[in-house]
Amino acid sequence: MTILIIGGSGFLGAELVRRAAAAGHATAATFATRPGSTAEVMWHALDLRDPRSVEAVVAEVAPRVVVNATSGGSDWVVTAEGPVRLALAAAKYGCRLVQVSSDAVFSGARVHYDESCLPDPVTPYGAAKAAAETGVRLVHPDAVIARTSLIIGDRQSTHVRLVHDLAAGTREGVLFTDDIRCPVHVVDLAAALLELASGEAIGVHHLAGADAVSRHELGFLIAEREGLDASRLPVGLRAESALPGALDVRLDSRATQHKLHTTLRGARQFLARGA
């Protein structure tokens, strides 16, 4: 199977590239600024804002599967429109498509969200991700939309770096006790995405960890694992801050988990000492 990883030099993308190549798949990947370092991978510069560039890469690689693991933040042209351009190209050349989405598409009004729940974003990033979901499903009805949550791993993870910086006193910030998500380990997420990519699944799937934890508990677990002084982590309430966004969003991944061989571990498990 030939697989094309869009955003292969990013945190999630790099793990996808590594796992796909290790599994013996012919693997190609794209980058925005510089290619990754995984051997035997074909690297292509790609600007998702350029329809001709998107189609040219898909046509050249001729993959069976395309996985879009890019993260353009609140940049509407990249995050909302880019995946639709990619979906158009994938549909034209008969490729399966897995679009990685986010729990940011939800407001937190109902707290628990399964795959049947409709997006109701409250931030520009969430709105862009929700628009991408709608556009992708419109032009490529057989695509997989894989919503996930906070992605955790080593120091390459933004969340792990934040905890190190806060514990060292080199960055200002607060870890909220009322901001709750279902973090997932990057290894589990990548394995699950490739499992969905290689099967016949279509539609919306949730790929989040089994544990709902606050940002503060997550930081405490990371600090304990990394041997940091957890007492140095600042504590606060997001509800008392001016930061926009949902407070409590818990992706229910049980329906998707039943279909997978990959186990989506909870943060309390994968961040336990010795795990």
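Is V57 buried or exposed? In this predicted model, V57 is buried, because its relative accessible area is 7%, and buried means under 20%. The residue sits in helix 2 (residues 51-61). Setting aside neighbours within four places in sequence, V57 touches L4, T30, H44, A45 and L46. As for H44, that residue is 13 residues away along the chain, with 7.2 Å between the two C-alpha atoms.

Now for the nonpolar cores. The largest one has 28 residues, and L12, L16, V67, L193 and L207 are the members that touch the most others.

| Element | Residues |
|---|---|
| Strand 1 | 2-6 |
| Helix 1 | 11-22 |
| Strand 4 | 65-68 |
| Strand 5 | 96-102 |
| Strand 7 | 144-148 |
| Helix 6 | 186-198 |

Helix 6 is the top contributor, with eight residues in this core. A separate core holds 21 residues, including L4, I6, V78 and V136.

Then there's a helix pair worth a look. Helix 5 (residues 158-168) and helix 7 (residues 215-226) have axes that come within 10 Å and cross at roughly 75 degrees, so helix 5 is roughly perpendicular to helix 7. On the helix 5 side, H159, V160, V163 and H164 make the contact, while helix 7 brings R215, G219, I222, A223, R225 and E226. Sorted by class, this contact has four nonpolar, three polar and three charged residues.

Notes
Residues are numbered from 1 along each chain as its sequence is written. This is a predicted model: local features need pLDDT of at least 70, side-chain atom pairs count only at pLDDT 80 or more; totals for chains, interfaces and linings use all residues. Side-chain values use heavy atoms; hydrogens and water are left out. Axes are lines fitted to C-alpha atoms, for helices over the stretch in contact, and angles run from 0 to 180 degrees between N-to-C directions. Helices (H or I, at least four residues) and strands (E, at least two) are DSSP runs, numbered from the N terminus. Angles under 35 degrees count as roughly parallel, over 145 as roughly antiparallel, 65 to 115 as roughly perpendicular and the rest as oblique. Contact means heavy atoms within 4.5 Å. Ala, Val, Leu, Ile, Met, Phe, Trp, Tyr, Cys and Pro count as nonpolar, Asp, Glu, Lys and Arg as charged, and the others, Gly among them, as polar. A nonpolar core is a set of buried Ala, Val, Leu, Ile, Met, Phe, Trp, Tyr and Cys residues joined through side-chain atoms within 4.5 Å. Buried means under 20% relative accessible area, exposed over 50%, partly exposed in between (1.4 Å probe, protein chains only).
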